[in-house]
Amino acid sequence: MRDLIGAEWRKIWTGRAWWGVAAAAVLMCVMADAGFLQQELARTPELGSTREITSTLVQGWFMVELAAAVVAMLAVTREFGNGAISRSVLLSGGRGRLFAAKLIAVAGCGSVFALGAGVLAAASPWVFLAGRAQEPEWTATTTWTLLGVMLVIVVGAVWGALLGLLIRQQVAAILVLLISTWLVGEGLLRLIPEIGRFTIDEAMASVYRGGNDHLLSIPWALVVLAVWIGAGTIATRTLFLRRDLP
C-alpha cells in the first residue's frame, strides 16, 4: 500500500500544472490582502488597533483552498482522460485500494498546500504592515483563523478529488467546482440562508471565520464538513467500484 500511495503522490506533482495553479492562488491572496489594507487606510489613514486587520490579512489566504482542490482534481481526472485509469487499477490490485491511495495522496497534497499557505498567511500581517507605525497584533482569534484556513485547504483538496472521481471529465469537473464555489453556495446564502449555510463552501467559510452573520457556528460547521466529506466519499467510492472504466 505504501508503494501505491507513493505512486499516486508522484502523479499529483508530475508536470507543471500545479506550479501555475499555486502561483495564481498566491497572487490572488496577495492582491486580496493588498486591496483590503488599501480600503482600511482610505477609511482610516491612522490605523488604531490592528487586531482585526491582522486576522483579516491571515484570513485572506483561504483562497489557496481552491488551488488545492483544482490540483487534486487535475491529478485524478488526468487518468480518465488519457485512459490510464484501467492500467492503474490492474497494477494497484483493485479499485478499492486505488481509491484509498488516491484519497490519502490528495489529503497529503492538501496538507502541503495548507502548510505553505499557513507560513505565508502568518507572515502576511508583518509584510503588509511593514514600514508603518502600527504593528500586527496577533491574538487567539488570529490563531484560530489561521488553523481554520489550513483545515479548509486540506478539506478542499479531498473534495476536489472526490468531484474529479465522480465526474471524471476534467473540464466539466473544474466548471462544477468553480460554479459551486462562486455561485451556488454564495447565491443560496443570500437568497435562502437557512439552506445556503449548509453548503460545503459556506461551512468552510464558517471555519475560517468568513464574517457573514448567516454562517453556522464553527462546531456545527465542522460537523457539516464531516458529513459532506463522508457522504461524498461513500457515494464516490460506490460509483468508482461499479461504473465501467474508460
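**Entry 1**

I looked up Phe-240 and found it buried, because its relative accessible area is 1%. The model is a predicted one, and I read every value below with that in mind. I then asked how many aromatic pairs the structure holds. The search gave 8 aromatic pairs. One of them joins Phe-99 and Phe-240, with 6.0 Å from centre to centre and 35 degrees between the planes, and this pair is tilted. Phe-99 sits in helix 6 (residues 95-128) and Phe-240 in helix 11 (residues 218-242), so the pair ties together parts that are 141 residues apart in sequence. I checked Phe-99 as well, and it counts as buried at 3% relative accessibility.

**Entry 2: the tryptophans**

I went back to the aromatic pairs, of which the structure has 8. For Trp-13 and Trp-18 I noted ring centres 4.9 Å apart and planes at 85 degrees, so I wrote the pair down as edge-to-face. The reason is the angle: planes over 60 degrees apart count as edge-to-face. I also noted one aromatic cluster formed by Trp-9, Trp-13, Trp-18, Trp-19 and Phe-113.

**Entry 3: Thr-181**

I looked for Thr-181 and found it in helix 8 (residues 170-191). Is Thr-181 buried or exposed? Its relative accessible area is 17%, so it is buried; the limit for that word is under 20%. Its side chain reaches the backbone oxygen of Leu-177 at 2.7 Å. I then left aside the neighbours within four places in sequence, and Thr-181 was in contact with Leu-66 and Asp-201.

**Entry 4: salt bridges at Glu-79**

I searched the whole structure for salt bridges and got 5. The side chains of Glu-79 and Lys-11 meet in one of these, at 2.8 Å from N to O. Glu-79 lies in helix 4 (residues 64-82) and Lys-11 in helix 1 (residues 2-12), so this pair ties together parts that are 68 residues apart in sequence. Glu-79 also meets Lys-102 in a salt bridge, at 2.3 Å from N to O. Here the link runs from helix 4 to helix 6, so parts that are 23 residues apart in sequence are tied together.

Glu-79 counts as buried at 6% relative accessibility, and Lys-102 is buried at 2%. Lys-11 is partly exposed, with a relative accessible area of 23%. Which residues are linked in a network of salt bridges? I listed Glu-8, Lys-11, Glu-79 and Lys-102.

**Entry 5: Glu-137 and Arg-51**

I looked up one more salt bridge, in which the side chains of Glu-137 and Arg-51 meet at 3.3 Å from N to O. The pair links distant parts of the chain, 86 residues apart. Arg-51 is in helix 3 (residues 51-59). Glu-137 is partly exposed, since its relative accessible area is 28%.

Conventions: Residues are numbered from 1 along each chain as its sequence is written. This is a predicted model: local features need pLDDT of at least 70, side-chain atom pairs count only at pLDDT 80 or more; totals for chains, interfaces and linings use all residues. Side-chain values use heavy atoms; hydrogens and water are left out. Rings of Phe, Tyr and Trp (its six-membered ring) pair if their centres lie within 6.5 Å; planes under 30 degrees apart count as stacked, over 60 as edge-to-face and the rest as tilted. Helices (H or I, at least four residues) and strands (E, at least two) are DSSP runs, numbered from the N terminus. Buried means under 20% relative accessible area, exposed over 50%, partly exposed in between (1.4 Å probe, protein chains only). A polar contact is a pair of N or O atoms within 3.5 Å; within protein, one must be able to donate a hydrogen and the other to accept it, and residues adjacent in sequence count only if both atoms are side-chain atoms. Contact means heavy atoms within 4.5 Å. A salt bridge is a side-chain nitrogen of Lys or Arg within 4 Å of a carboxyl oxygen of Asp or Glu.
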